[in-house]
Amino acid sequence: MTLLHVQFINENQTEILSYLACIQDAATFPNQGDLEASDPRWAEYFNARSPSDRMNLPAPEREHE
């Protein structure tokens, strides 16, 4: 499983605002957190991006059952 570092739109962590390559200054980039590439929130964020933007993002992964 791939761990991703993201910024959420708020402290509830229900929606991703942006993908972060590494931890950023929390004062400048609040509401940071980590999630697995299999998290449905990541798939939603990824699929909402344009095809050219998706080329630079880790692809969503399927959860192993």
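Contact in these legends means heavy atoms within 4.5 Å. The model shown is predicted.

**Figure 1. Three strands form an open sheet in the order S2-S1-S3.** The pairing in this sheet is antiparallel. S2 and strand S3 (32-36) stand at the edges with a single partner strand each, so one side of each has no neighbour in the sheet. From one strand to the next, the twist averages 40°. Strand S1 (residues 3-8) pairs with S3 over five bridges, in the antiparallel sense. S1 is also joined to S2 by four bridges, and these two strands run antiparallel. In general, the strands of a sheet pair through backbone hydrogen bonds, either parallel or antiparallel.

**Figure 2. Val6 has a bridge partner in S3 and another in S2.** What is the bridge partner of Val6 in S3? In S3 the partner is Gly33. In S2, the bridge partner of Val6 is Tyr19. S1 as a strand is mostly covered, with five of its six residues buried.

**Figure 3. H1 lies across S1, S2 and S3.** The helix runs at about 90° to S2. H1 spans residues 40-48 and includes Trp42.

Figure 4. In the pair of Tyr19 and Trp42, the ring centres are 5.6 Å apart and the planes are at 55°, so the pair is tilted. Because Tyr19 lies in strand S2 (residues 16-20) and Trp42 in helix H1, this pair ties together parts that are 23 residues apart in sequence. Ring pairs link Tyr19, Trp42 and Tyr45 into a cluster. What sits over the ring of Tyr45? The charged end of Arg49 does, at 4.2 Å from the ring centre.

**Figure 5. The largest nonpolar core has ten residues.** Its members are Leu4, Val6, Phe8, Ile16, Leu35, Ala37, Trp42, Tyr45, Phe46 and Leu57. S1 and H1 are the elements that give two or more residues to this core. Leu35 is one of the core residues. Leaving aside neighbours within four places in sequence, Leu35 is in contact with Thr2, Leu3, Leu4, Val6, Phe8, Ile16, Arg41 and Trp42.

**Figure 6. Ser18 lies in strand S2.** Its relative accessibility is 18%, and Ser18 therefore counts as buried. Which residues are in contact with Ser18, leaving aside neighbours within four places in sequence? They are Val6, Gln7 and Tyr45.

**Figure 7. Ala59 lies in the segment after helix H2 (51-54).** Ala59 counts as partly exposed, at 46% relative accessibility. Neighbours within four places in sequence aside, Ala59 is in contact with Ala37, Trp42 and Phe46. The C-alpha atom of Ala59 is separated by 9.4 Å from that of Asn47, twelve residues apart along the chain.

**Figure 8. Gln13 and Asn31 have positive phi values.** Gln13, although not a glycine, has a phi of about 55°. Gln13 has its place in the loop between S1 and S2. With 32% relative accessibility, Gln13 counts as partly exposed. For Asn31, a residue other than glycine, phi is near 65°. Where is Asn31 found? Asn31 is in the loop between S2 and S3. The relative accessibility of Asn31 is 27%, and Asn31 counts as partly exposed.

Definitions and conventions. Residues are numbered from 1 along each chain as its sequence is written. This is a predicted model: local features need pLDDT of at least 70, side-chain atom pairs count only at pLDDT 80 or more; totals for chains, interfaces and linings use all residues. Side-chain values use heavy atoms; hydrogens and water are left out. Rings of Phe, Tyr and Trp (its six-membered ring) pair if their centres lie within 6.5 Å; planes under 30 degrees apart count as stacked, over 60 as edge-to-face and the rest as tilted. A charge sits over a ring if NZ of Lys or CZ of Arg is within 6 Å of the ring centre and within 35 degrees of the ring normal. Two strands pair if DSSP finds at least two bridges between them. Axes are lines fitted to C-alpha atoms, for helices over the stretch in contact, and angles run from 0 to 180 degrees between N-to-C directions. Buried means under 20% relative accessible area, exposed over 50%, partly exposed in between (1.4 Å probe, protein chains only). A nonpolar core is a set of buried Ala, Val, Leu, Ile, Met, Phe, Trp, Tyr and Cys residues joined through side-chain atoms within 4.5 Å.
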